[in-house]
Amino acid sequence: MGACFLVTWSDGEPDLALHERAARWLPFVPEHTSRQPILDGLMSVWSVYGEAARGSYVAADARGVLAYHGWWAEPAAAPTDRSVAEVLLDQVSHLGFDAALSDLDGDGVLAFVDASGAFRAGTDFLGASHLYFGQRGRVTAVSNRAFLVAAALHEGTLPGFDARELAWLVSGPGAPVGDQTAFEGVALLGPYQTLARPGRDTAAHLRVLATQRRDRPQADPRPRWDDLFGDLKRRAGQIGRLADARFALTLTGGKDSRAVLAGLVGAGVVHRVTQNYLESEPAHPDAVAAGHLCAHYGLPQAYRKTVMETLPWRESQARHNFQVELVFNAYDRKGWRDVPRESTLGGNYGEIFKSHARLSLALGPAEARRFYTRGPWLNRWGLLARPARNYLRGRMEAWLDGVLADGTPSMAIHDRWHRECRMHRWVGQAMQADGAAILWMHPLPGRRLLSRYLALPLAEREAHRVHFELIRRCDDWLWRQPFCQQRWSAWLTTEHLRPGRCVDGPTTAIEPAAQTWAQSGREVAAFLREREDDGLLELIDATALAALLRRMERRQSNRDLTSVFGIAGIRAALRGIDVLPMAMVAK
């Protein structure tokens with residue numbers, strides 16, 4: 001991310017004092033602040049790590065003001081002696097906002113005010129980066145942080161929140177669906193939407209506009225795989241345009257991060273990666289598989305402690321809630337005191353190129369409605385109290401109504417749920433912390449690649465055809481190397497030699513949470529057994545909670561670890577939100 005922006009309109013003079021009060025809720029300690037007066041309002045941009053933007057995340061001239069966060073794959077011919085923001089301002093001014101946004105691949109947000117005062121904003125095509133907006137009284141606000149919008153609408157003070165939104169953390173889906181947030185009047189912009197506010201001499205109000213959906217096959221759905229690998233190389237090659245930034249890779253034994261490595265090697269920029277790092281032990285099968293690749297391509301392999309291992313539980317929980325803006329389960333705890341001055345490359349969002357279809361949904365909309373709203377899906381682990389169950393059921397019904405009204409085929413509904421819940425809301429929420437100060441780049445997703453994937457037969461989507469075609473175009477060595485506890489489908493590789501045996505061994509995706517329980521489990525259990533009337537038992541069934549804690553005394557399953565830290569995060573949020581921004585440190 002590297003930047004947070006806040007745009008407000010208040011039908012009067014720019015309210016600088018409001019922005020200064022709202023800045024208390026920034027997730028990082030800013031290094032630079034930019035104030036840009038606009039028609040009836042003000043744009044503030046706070047940033048760190050300007051090296052990842054070639055200087056600045058905001059650009060302004062006679063054509064208008066543009067701010068961004070995240071990263072965008074710039075045109076290859078664009079000059080590198082200007083900031084990324086200046087290049088993006090050229091693109092928007094030349095093509096128009098909608099055409100420029102549609103033409104860009106990346107993971108970020110653009111906000112633009114033209115010379116007339118007209119405002120436009122939008123996100124990447126997945127909505128992976130978040131954009132929030134709201135209106136209350138005379139104030140309208142837009143930001144890439146929900147806390148900033150909520151504070152701006154309440155004179156700089158963070159208001160109370162709807163605790164029912166936190167029930168998603170221990171639901172079956174694990175993350176919200178739809179555009180609602182925990183703060184009244186604050187909404188999250190959905191994928192394939194943009195924001196618009198007219199300029200002068202027009203009745204000014206913020207509107208949500210729909211753009212062309214790209215999560216369904218297009219008229220020309222079969223671009224050549226060589227061209228799609230060229231797109232991946234162009235996205236990964238963006239790191240070659242950021243000469244002053246440092247880059248680390250998070251290569252595991254899986255297919256998503258390996259496709260990212262293929263893009264880096266293919267683009268000839270793998271030498272820009274200073275190290276590969278994992279939050280695991282060297283003997284972990286992920287580390288063994290990744291270490292084999294690192295040795296081949298000359299990448300140093302490093303191991304880092306998780307935030308859970310570096311901070312006491314209560315502090316790490318409080319930092320987690322503040323930096324992820326509440327709605328992310330604390331079993332995968334975020335919330336750093338400080339972060340290294342480097343960018344990170346990862347394979348997040350690669351799951352959109354793997355099928356999540358549920359065959360039972362082929363029975364039609366009635367079966368979809370039964371599965372998502374009337375079956376055990378919402379309360380899979382039996383922890384939610386009745387009011388929370390009813391609230392989540394209403395939210396899921398509203399989401400499903402919209403999906404069916406869009407004409408989404410029944411067999412495509414669960415893939416769409418995965419993109420809009422697990423990717424847009426869950427991974428996107430994690431990036432509110434992981435990508436708050438540093439630049440996190442996810443080069444794998446692309447518009448044309450998604451269209452190609454959606455045109456594949458189900459069998460090829462389930463066999464991870466996209467990953468196979470991209471990785472084997474890197475070189476003839478990489479695609480043959482073993483993964484961690486998985487391999488290519490036999491029929492997919494019939495025209496080639498079969499890759500070697502996968503790397504096996506004990507793996508637990510949730511190991512850091514297990515370590516936290518071993519160190520602080522008694523403290524966490526005592527915290528959850530407290531009888532204070534803080535509203536927790538309006539969300540969580542008291543009998544189910546007691547049974548959960550008894551099980552945790554005997555054995556800690558992944559399911560129960562997820563549940564107990566999700567509930568602990570909810571109770572901590574109900575007790576209050578501490579302001580605990582992270583700071584950037586020299587690497």
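The term pLDDT denotes the predictor's confidence in each residue, from 0 to 100. Helices (H or I, at least four residues) and strands (E, at least two) are DSSP runs, numbered from the N terminus. Among the elements of this protein, helix α4 (residues 146-152) has the highest mean pLDDT, 98, whereas helix α8 (residues 307-310) has the lowest, 70. Over the protein, the mean pLDDT is 91, and 94% of residues reach 70 or more. The structure is a predicted model, in which local features need pLDDT of at least 70 and side-chain atom pairs count only at pLDDT 80 or more, while totals for chains, interfaces and linings use all residues. Residues are numbered from 1 along each chain as its sequence is written, and side-chain values use heavy atoms, with hydrogens and water left out.

Helix α2 spans residues 84-95. Its 12 residues reach 16 Å from the first C-alpha to the last, close to the expected 16 Å, where the expected span is 1.5 Å times one less than the number of residues. Its buried residues (under 20% relative accessible area; exposed is over 50%, partly exposed in between; 1.4 Å probe, protein chains only) are V84, A85, V87, L88, L89, Q91 and V92. The cover over these buried residues includes the strands β4 (58-61), β5 (64-72) and β6 (106-114), together with helix α3 (97-103). After α2 comes G96, with a positive phi near 90°.

The discussion now turns to charged side chains. Side chains of opposite charge can pair when their charged atoms come close. A salt bridge is defined as a side-chain nitrogen of Lys or Arg within 4 Å of a carboxyl oxygen of Asp or Glu, and the whole structure contains 42 of them.

D226 takes part in a salt bridge with R224, at 3.3 Å from N to O. D226 also meets R473 in a salt bridge, with an N to O distance of 2.6 Å. This second pair links distant parts of the chain, 247 residues apart: D226 belongs to helix α5 (residues 225-236), and R473 to the loop between α15 (465-471) and α16 (511-529). D226 counts as partly exposed because its relative accessibility is 42%; R473, at 25%, is likewise partly exposed.

Within helix α15, R465 and E469 lie four residues apart, about one turn of the helix. Their salt bridge brings the closest N and O atoms to 2.5 Å, and both residues are buried. Salt bridges with shared partners join R465 and E469 with R224, D226, D227, E460, R472 and R473 in one network.

Technical notes:
Contact means heavy atoms within 4.5 Å.
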